[in-house]
Amino acid sequence: MRTLFVLCVAMSAACVATAQVEDFDSIKLHTLKNESGMTVQVTNYGAIITSILVPDREGNMADVALGYSRVEDYINAVDKPYFGAVVGRYGNRIANAEFSLDGKAYSLLQNNGENHLHGGAIGFDKVVWNVVAYEAPSSIKLSYTAKDKEEGYPGNLELTVTYSLKEDNSLVVRYQATTDRPTPVNVTQHTYFNLKGEGEGTILDHELMLNAKRYTPVDEGLIPTGEMPEVQGTPFDFTIAKPIGRDIELDHEQLRYGLGYDHNWVLEKTANKNNMTLAARVHEPTSGRVLEIHTTEPGVQFYCGNFLDGRLIGKSGKPYVHRGGFCLETQHFPDSPNQPNFPSTILRPGEKYDSQTVFRFSVAK
Ligand code: GLA
C-alpha cells in the first residue's frame, strides 16, 4: 500500500527565506519496505534518506540513519551536516573554488574556507526534487534539473536518483545524468550511520574494513595533495577490519588535518558484474549489524562525524555526539577538476553519467 506522509513544515516567512524553498507543499515523505520489514524513508527535499530501519541479530529493529523528523530541522541545521542527503553537483571539495575546463575558467562559491564544498550554498541537498515514480513499496525515482550557471557550474544538468529496496536488505542507489555543456559531476549519498541506532553514542567501536590499499592525503584545507600513498603502516590502514577508534587519536599529521578520518580512499577495483566493487564492510559487535557497500565509483570518503559535537538533537530527541555517526560517501576523488592524475569527473553532452552504490545490511552472529 502506498504510504505518503507530508512532512511537518514550518510555513513562517523567515523559514521560507532561509531555506530558499518556495513550494513547501510539494515536500513529501515516502516509505520503502520489504517483506522482512526493512524500512527506508526518503523525502524529495534534498533526496534525503530520513531513516533506515534494520534488524539486529535478535530481530530487533533500530533506525541506523541520523536525521530529523521535521523538514525545517534539515533546512536550519547548524554547521550543515548534510544528514542523509544527495550532495552535488560536485560532492566534496574543489580547491580555491575554481577550475578550468576546455580552456575556460569557472569560479564557484568559497563555502569551506577558501574552498568549495558539496556544490555550494544551495547544492542538491537543499533543493526540492520531483518525484518521477514512486513504485510502492520498493522504489522511488527523483529528478532534479540544475540550471546552467547554477552555483557557478556550466551546463543544464538533468539528474535522477533512484532508491530501490531489495528483499536481501540491500538499498540500491543509482544516479543518472546528462548535460548540454561539459561540466564536472560527482554526486554521492551523505547518510550518517550508527549501527547501534541513531543517537546511541559514538561509532568508535564499529569495526571497519575498507577495500583500499591507498588513500589521497590532504592539505590543511582537506584538498588532496595529488599523492596516493599506501595505507600500510599508517592509521589509514583498514584493509583488515579494526575498530574505527583504534588509531584515531594517534599523532599523525593527516589525522590532525581531518580532525580524525575525513579522507578519500582509492578502492581496489575488483570489478565483477555491473562493474561493482566492494568498498567497505562495517560490523557493530553489540547488535551484530553489518553494512556492506559495493559501488561503481573509484573512491570512498570515510568521514567519521568529527564535526558533530552534541548540539544537533536527532529525531528521537537524543544529541548527536562527537563521532556519533560515520559516512561512507562513494565518489570520484575530491578536487578532481584540478587534478589531472585523478579519474576524470567531466561529463560531456551526449555522454551518460551512470553511477550505482549498494548498501547491504545483514547480521553477524
Ligand atoms: C564531508 C566532508 C567533511 C564534512 C562533511 C559534512 O564528508 O569531507 O569534511 O564537510 O562532509 O559535515
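Let's start at Thr-191, which is buried with a relative accessible area of 3%; buried means under 20% relative accessible area, exposed over 50%, and partly exposed in between, using a 1.4 Å probe and protein chains only. Before going further, note that this is a predicted model, in which local features need pLDDT of at least 70, side-chain atom pairs count only at pLDDT 80 or more, and totals for chains, interfaces and linings use all residues. Residues are numbered from 1 along each chain as its sequence is written, and side-chain values use heavy atoms, with hydrogens and water left out.

Thr-191 sits in the loop between strand 16 (188–189) and strand 17 (207–210). Strands here are DSSP runs of E with at least two residues, numbered from the N terminus. Leaving aside residues up to four places away in sequence, Thr-191 touches Ile-49, Ile-52, Ala-65, Gly-84, Phe-326 and Cys-327, where contact means heavy atoms within 4.5 Å. Its side chain also makes a polar contact with the side chain of Gln-189, at 2.6 Å. A polar contact is a pair of N or O atoms within 3.5 Å; within protein, one must be able to donate a hydrogen and the other to accept it, and residues adjacent in sequence count only if both atoms are side-chain atoms.

Now for the ligand. Of the 14 residues around it, Arg-93, His-118, His-190, Asp-262 and Glu-329 come nearest, a residue being near if one of its heavy atoms lies within 4 Å. An oxygen atom of the ligand is 2.6 Å from a side-chain N or O atom of Arg-93, and for His-190 the corresponding distance is 2.8 Å. Taken alone, the ligand exposes 300 Å², and the protein buries 96% of that; these areas come from the Shrake-Rupley method with a 1.4 Å probe.

What about the nonpolar interior? The largest nonpolar core has 60 residues, and Tyr-163, Trp-265 and Phe-302 have the most contacts inside it. Such a core is a set of buried Ala, Val, Leu, Ile, Met, Phe, Trp, Tyr and Cys residues joined through side-chain atoms within 4.5 Å. Strand 13 (residues 157–165) supplies the largest share of this core, five residues. A second, separate core of 18 residues includes Val-71, Ile-75, Ala-85 and Leu-312.

Finally, visit Lys-352, in the loop between strand 25 (346–347) and strand 26 (353–363). Lys-352 counts as exposed because its relative accessibility is 71%. Not counting residues up to four places away in sequence, Lys-352 touches Ala-177, Thr-178 and Leu-347.

Notes: Helices (H or I, at least four residues) and strands (E, at least two) are DSSP runs, numbered from the N terminus.
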